[in-house]
Amino acid sequence: MQNYQILWADDEIDLLKPHILFLKQKGYEVTPVNSGSDALDLFQERNFDVIFLDENMPGMTGLETLSQMKTIKPHIPVVMITKSEEEHIMEEAIGAKISDYLIKPLNPNQILLSVKKILENKRIISEKTNLNYQQDFRNLAMAFGDNLDHEEWGDVYKKLVHWELALEQSEDKSMREVLEMQKSEANTNFTKFICKNYESWLNDPSANKPLLSHQLFKKKVFPTLDNKTFFILIDNLRYDQWRILAPIIGEYFNIEEESLYYSILPTTTAYARNAIFAGMMPSDMEKYYPQLWKNEDDEEGKNLHEEDFLRKQVEKNKLNIKVSYNKIITNQQGKSLVDNFKNLMHHDLNVIVYNFVDMLSHARTDMQMIRELAPDEAAYRSITKSWFMHSPLLDLVKKVAEVKGKLVITTDHGTIRVKRPFKIIGDKNVNTNLRYKQGKNLSFDDKEVFDARKPEKLFLPKPNISTTYVFAVEDYFFAYPNNYNYYVSYFKDTFQHGGISMEEMIIPYIALQPK
């Protein structure tokens, strides 16, 4: 154990010798002083790991000493010890950012618990987390070999995310590497599951199928419409990113429902998000709304008609409601929406699309600085959290809570960090997405991909008689043989979407009620 240094200030320090001896026996070095001024002098001269301060010392009180210490070395943890249980003293101490608060008479184990909680918390949690994951590792590994259904795959993914977030705090990198391999194995088996079942989900009415993109409004949103419902779709939000945002939103809302649903293929904005707002699969959008649907070779943007699709879906479901639609691409647009929040109150359903996370993932590909800031999933989550905490979106969430509105948070697809290139050859008309390709002259090895030579079976548009869709799986990304090495080095370890993985397809739907 590390040789931790404790500074203990109490005007009756001699009476505390048994406690000091107890701590020394446990391996801690304790320096006792009997006044706040003496404690402050030593605090400035030497380095200590934790400070114990008696609140009621003559001369400089514990609170006064605490205040000065926090201005000198604010990061050093301080434990306030007092005979008083007066609320205002506790509040002052908490306001000064103490690490713990103990009330006399002291119990040796109470003191030891406080020290361990402050000084060894990370090590203890790390060791316990590693042990618990090792125990669950076998259960997860065995589950992959079973014939799981879509709900069970959702549970597996949630468990893997749980361990990913827990092990992120661990100092032992070896367990994180084991989990990374286990996630990879899970995605290999998940790919087989999708290749086997996806077509039947779309064509067999009796198939055991998950909720899919085009069913989201009809089955989730419309039946539970409440007075002033705010539907916020954060583009490209993975389940692990939601888990990072959940505690922040939880300060203002109670979670009414946290569920998972599946994105359709391709897992991209043009297909999955249009399907959400139209309430239709892509080939049906093309068939019934040719003026709104744009194919790959159309120059016009693929997501310019979401509001039109949404309004047609509302009409189709015979809902007599007022609907607003807002798409937020820039920070200024987000601020303007908050500033004009009162205008949203005239509508029963307010749909807000936030493009930031999608922009971040693409910026990460294109901008070296973002690549440096987000080299892995943990950093990517951290950037997402930092953005959210300082974004107009959080201000909007607070406004919704103030007016007691119902809040829905979801996404259209997730994203995965790609690591392995997969060679494919296509003509100049093939789309540029790295996780799926659509074209009539595609050449590829049909191993390690999911190909749809009959797009109509997946309810995908078929611009030409020989149009094929090819989806990258697991952590592969498509690369052309021309300039292959440059292409691979440029895109490896970037976050992409469009293909088949748990991260892209299994995505969160959250319904919240204000506190």
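**Note on helix packing and local backbone features in a predicted chain**

1. The axes of helix α10 (residues 239-249) and helix α18 come within 9 Å and cross at roughly 35 degrees, where axes are lines fitted to C-alpha atoms, for helices over the stretch in contact, and angles run from 0 to 180 degrees between N-to-C directions. Helices here (H or I, at least four residues) and strands (E, at least two) are DSSP runs, numbered from the N terminus. The crossing of α10 past α18 is right-handed, a crossing being right-handed if the near helix is turned clockwise from the far one by less than a right angle, and left-handed if anticlockwise. On the α10 side the contact (heavy atoms within 4.5 Å) is made by Asp240, Gln241, Ile244, Leu245, Ile248 and Ile249, and on the α18 side by Tyr380, Arg381, Thr384, Lys385, Phe388 and Met389. These residues divide into 7 nonpolar, 2 polar and 3 charged, with Ala, Val, Leu, Ile, Met, Phe, Trp, Tyr, Cys and Pro counted as nonpolar, Asp, Glu, Lys and Arg as charged, and the others, Gly among them, as polar.

2. The model is predicted, so local features need pLDDT of at least 70 and side-chain atom pairs count only at pLDDT 80 or more, whereas totals for chains, interfaces and linings use all residues. Residues are numbered from 1 along each chain as its sequence is written, and side-chain values use heavy atoms, with hydrogens and water left out.

3. Met389 belongs to helix α18 (residues 377-389). With a relative accessibility of 43%, Met389 counts as partly exposed, the class in between buried (under 20% relative accessible area) and exposed (over 50%), with a 1.4 Å probe and protein chains only. Leaving aside residues up to four places away in sequence, Met389 touches Ile248 and Leu394; Ile248 is also listed on the α10 side of the contact with α18. The C-alpha atom of Met389 is separated by 28 Å from that of Ile72, a residue 317 places away along the chain.

4. A second pair to inspect is helix α6 (residues 121-145) with helix α8 (residues 173-203), which pack at an angle of about 15 degrees with their axes 11 Å apart. The two are therefore roughly parallel to each other, given that angles under 35 degrees count as roughly parallel, over 145 as roughly antiparallel, 65 to 115 as roughly perpendicular and the rest as oblique. Asn130, Tyr133, Gln134, Phe137, Leu140, Ala141 and Phe144 of α6 make the contact with Met175, Val178, Leu179, Gln182, Glu185, Ala186 and Asn189 of α8. By class, this contact has 9 nonpolar, 4 polar and 1 charged residues. The crossing of α6 past α8 is left-handed.

5. Helix α5 (residues 108-119) and α6 have axes that come within 4 Å and cross at roughly 80 degrees, which makes α5 roughly perpendicular to α6. Lys116, Lys117 and Leu119 in α5 meet Asn121, Arg123 and Ile124 in α6, and the residues of this contact comprise 2 nonpolar, 1 polar and 3 charged.

6. In helix α2 (residues 36-45) the buried residues are Gly36, Ala39, Leu40, Leu42 and Phe43. Their cover includes the strands β1 (5-9), β2 (29-33) and β3 (50-54), together with helix α3 (62-72).

7. Two cis peptide bonds deserve a look. The bond from Lys104 to Pro105 is cis, with omega near 0 degrees, and Pro105 lies in the loop between β5 (100-103) and α5. Leu265 and Pro266 are also joined by a cis peptide bond, with omega about -10 degrees; Pro266 is placed in the loop between β7 (253-262) and α11 (269-278).

8. Glu474, in the loop between β16 (468-472) and β17 (476-479), has phi near 50 degrees, and at 7% relative accessibility Glu474 counts as buried. Asp493, in the loop between α20 (484-491) and β18 (495-496), has a positive phi of about 70 degrees, and at 26% relative accessibility Asp493 counts as partly exposed.

9. For the chain as a whole, there are 21 helices and 19 strands, and the C-alpha atoms fill a box of roughly 90 × 50 × 45 Å, taken along the principal axes. Of the 515 residues, 53% count as buried. Among contacts between residues at least 6 apart in sequence, 73% join residues at least 24 apart.
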